[in-house]
Amino acid sequence: KLVAKDRTISDQESDNQDLVANRDEAVSQLKASRLRVAALERKVSDLEADGKEKDEALSATRNRLKLLRGSQSEDSNDTVKSLEEQLEDQSRHVKMLREQRQREDREREEERDVFQQTIARLKSRIDELSDRLTENEAKLAEAEEIGRA
């Protein structure tokens, strides 16, 4: 009876250690996930700000181009061509920034999904270990009663 009691206590201690280790791992993974998501959100925010700045610059260049088209002198033709090239370059850059932001958004969503799945899996494991712990505590209480008798 004492051997069974010692074995039950040893099993409980082992289960308790597993539960604590799994909980600590889940908390650690959750903190790391939150940090990565925050970093991605900052990156997306920065990209959006860059995109907005480029849109504003593009709009300003378009306005200057419209003003210059009003006066069609020889010198202004070169300026117009130069501004049109700048406009095209800025349009390409804005498009690239938008695509990059979309990629970052997709990556962030994919990572968030993975984190949510991991959290759900770890919560399930914690619940399972908690149930086992409760069962082992009940067995231990039973074994202690038998040991006293």
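**Salt bridges, looked up one by one**

I began with R92, which forms a salt bridge with D89, the closest N and O atoms being 2.2 Å apart; I take a salt bridge as a side-chain nitrogen of Lys or Arg within 4 Å of a carboxyl oxygen of Asp or Glu. Both R92 and D89 lie in helix α2, three residues apart, about one turn of the helix, where helices (H or I, at least four residues) are DSSP runs numbered from the N terminus. D89 is partly exposed at 42% relative accessibility, with buried meaning under 20% relative accessible area, exposed over 50%, and partly exposed in between (1.4 Å probe, protein chains only).

I noted that this is a predicted model, in which local features need pLDDT of at least 70 and side-chain atom pairs count only at pLDDT 80 or more, while totals for chains, interfaces and linings use all residues. Residues are numbered from 1 along each chain as its sequence is written, and side-chain values use heavy atoms, with hydrogens and water left out.

Next I looked up D55, which forms a salt bridge with R98 at 3.0 Å between the closest N and O atoms. D55 lies in helix α1 (residues 2-70) and R98 in helix α2 (residues 74-148), so this pair ties together parts that are 43 residues apart in sequence. D55 is partly exposed at 30% relative accessible area, and R98 is partly exposed at 41%.

I then turned to E109 and R112, whose side chains meet in a salt bridge (3.3 Å, N to O). E41, E109 and R112 are linked in a network of salt bridges.

For the whole structure I recorded nine salt bridges.

Terms used:
Helices (H or I, at least four residues) and strands (E, at least two) are DSSP runs, numbered from the N terminus.
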